[in-house]
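Let us walk through this fold step by step. Keep the sequence beside you as you read.

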Amino acid sequence: MPHKEPAATVEGEISDVFAHRFVVRTAEGSVMADLGPKGAKKADVKVGDKVKLTGRQTPSELKVATFERGGETIAVEGPDGHEDEHEEADPAAALKAVKDLGHEVVGEPRRKPKHFEVLAKDGKGAHHEHHVAHDGEIKKTKAGDPADDKWKKSKNKAKAA
């Protein structure tokens, strides 16, 4: 489970660029920063740019939330350079696909960026974890454990499809 790192601000000059990651030389030393792939497309980072960054400091780098250069501020999708909010997706298709297998949904589906995870029980009482794409296609099935911490919050809260 990810832990929360403190917010941070970094000001300096970009000395090196590695795709969506780059190094900023500051008065205190060099800092590795990460815009994420989408943020890098928006910011068009170049060596020599003087920047002010805000974001979430991890042990290894600054996960950029805002990128300021020459009076222009660019908001990156999320503090780690990736979208915080997932595209709209209705779990109904995922729930229907699992029920169509003859399985009973045990808990609330867990939302992931490109799929839902659905814990279900088959007719013999065995638990399965199904990974179901937004369109209802089951991409992966593995043994499920209702005692796993990730399912404890949603147990017995199944939504009807």
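Start with a hairpin: β4 and β5 form one, with four residues between them. Strands here, like helices, are DSSP runs numbered from the N terminus, with at least two residues (E) for a strand and at least four (H or I) for a helix. This is a predicted model, in which local features need pLDDT of at least 70 and side-chain atom pairs count only at pLDDT 80 or more, while totals for chains, interfaces and linings use all residues. Residues are numbered from 1 along each chain as its sequence is written, and side-chain values use heavy atoms, with hydrogens and water left out.

Look at the pairing. Strand β5 covers residues 62-69 and runs antiparallel to β4, joined to it by seven bridges. Two strands count as paired if DSSP finds at least two bridges between them. V51 has R69 in β5 as its bridge partner. β4, residues 50-57, also pairs with β1, residues 7-18. That pairing is antiparallel too, over seven bridges. There, E11 is bridged to K52 in β4.

Now pick out L62, which lies in strand β5. Is L62 buried or exposed? L62 is buried, because its relative accessible area is 0%. (Buried means under 20%, exposed over 50%, partly exposed in between, with a 1.4 Å probe and protein chains only.) What does L62 touch beyond its neighbours within four places in sequence? Its contacts, meaning heavy atoms within 4.5 Å, include A8, V10, V31, L53 and Q57. The C-alpha atoms of L62 and L35 are 8.6 Å apart, although 27 residues separate the two along the chain.

L62 also belongs to the largest nonpolar core, which has 17 residues. Such a core is a set of buried Ala, Val, Leu, Ile, Met, Phe, Trp, Tyr and Cys residues joined through side-chain atoms within 4.5 Å. F22, L35, L53, L62, V64 and F67 have the most contacts inside this core. At least two of its residues come from each of β1, β2 (21-26), β3 (29-34), β4 and β5. Another core, of nine residues, lies apart from it, with A97, V98, F116 and V132 among its members.

Finally, step back to the whole chain. It has three helices and eleven strands. From the N terminus, the order is β-β-β-α-β-β-β-α-β-β-β-β-β-α. Of the 161 residues, 39% are buried. Among contacts between residues at least 6 apart in sequence, 44% join residues at least 24 apart.
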